[in-house]
Amino acid sequence: MTLFITQRMLQSIAVLLAVSVAVFLAVYAVGNPVDLLISPEATQLEREQMIARLGLDRPIWAQYLTFLGNALNGDLGTSFVHGQPALSLILSRMPATFELVVCALALASIVGIPIGLWVGLNDGSIASRMVMTGSILGYSIPSFWKGMVLILLLAVWLNWLPASGRGETVEVLGVPFSFLTLDGLRHMAMPVVNLAIPNIALLIRLTAAGASEAVHQDYVKFARAKGVRRQTIVRRHILRNILIPIVTVLGVEFGSLIAFSTITETVFAWPGMGKLLITSIYQLDRPVVVAYVMVVTFIFVTVNLLVDFAYAVLDPRVKLVERMS
């Protein structure tokens, strides 16, 4: 297990380093933020002073080495627009995004896995085919369109839910949470559903495919022959054996939702990291954009590490491979 963990951690560090090079060069080679930060009436001397103060007069490789050195000390740069550490800005928005993503994945798991299991156990029926067809629609329709339809239906026509904002929050250990208040839950409902719909569809299809295959395996037939109850077979022999791909997808989707929740946050004006990213891109706030990508990459890498560790727990063959190596 130690060798397995060491290999995966070295791979993760290499990924972070490669992403930092690619993102820094890509972001710092595009546009000129000074044009947006300084008044059009500013003199050439004032422009040069601004460029020097931001460190943009140095070669890009020198800027990257400075960024890398500071990043090793936990400093991902200072926002050109806000004048605050970029990492602090992102962390201040992170609870809102995390809250949204965790609730969306929880909703997707609660709804998608049981339905997918039922579809897999009743493969071929008319109802299961209808569910599978509906899952294609749920996964294929773009998030911005679903979001606008939800706003039109639930906020404009029925006036049941607020269309934007985070609502009332309650601080727990200094971190604000919306789901602890009724007003916060009402504001969360539509963004959570919008993020959860494609993941519900994905989990339905994944669970159904795994259950449909597992139900014909010999160990399931043997359990039936021994007279094991149906609920026990489903819980111990089918669900457990299809958990590995489900855990993988949940881990990957957790990182994806954090990285790509920008559309949902923008549509519902949710004050999370995604909305900060969009605003920073418009303002050419390079340190915030680079810091955002690095933070999201770090989350991706960490989640993948945890998924790999979960493999070792769920699948004994991972440990066997290590012993053989």
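How are α8 and α11 oriented to each other? In this predicted model, where residues are numbered from 1 along each chain as its sequence is written, local features need pLDDT of at least 70, side-chain atom pairs count only at pLDDT 80 or more, and totals for chains, interfaces and linings use all residues. Side-chain values use heavy atoms, with hydrogens and water left out.

Helix α8 covers residues 182-214 and helix α11 residues 243-260 (helices being DSSP runs of H or I, at least four residues, numbered from the N terminus). They pack at an angle of about 160 degrees, with their axes 11 Å apart; axes are lines fitted to C-alpha atoms over the stretch in contact, and angles run from 0 to 180 degrees between N-to-C directions. The two helices are therefore roughly antiparallel, a label for angles over 145 degrees. On the α8 side, the contact (heavy atoms within 4.5 Å) is made by L195, N199, L202, L203, L206 and T207, and on the α11 side by P245, I246, V249, L250, E253 and L257. These residues divide into 9 nonpolar, 2 polar and 1 charged; Ala, Val, Leu, Ile, Met, Phe, Trp, Tyr, Cys and Pro count as nonpolar, Asp, Glu, Lys and Arg as charged, and the others, Gly among them, as polar.

Helix α11 also packs with α5, at an angle of about 150 degrees and with the axes 10 Å apart. That makes α5 roughly antiparallel to α11. Here T97, F98, V101, V102, L105, S109 and I113 of α5 meet I246, L250, E253, F254, L257 and I258 of α11. The classes in this contact are 10 nonpolar, 2 polar and 1 charged.

T97 deserves a look of its own. This residue of helix α5 has 0% relative accessibility and so counts as buried, the term for under 20% relative accessible area with a 1.4 Å probe and protein chains only. Leaving aside residues up to four places away in sequence, T97 touches I258, S261, E265, W270, G272, M273 and G274.

Notes. Parallel < 35°, antiparallel > 145°, perpendicular 65-115°, else oblique. Buried < 20%, exposed > 50% of the residue type's maximum accessible area, 1.4 Å probe, protein only.
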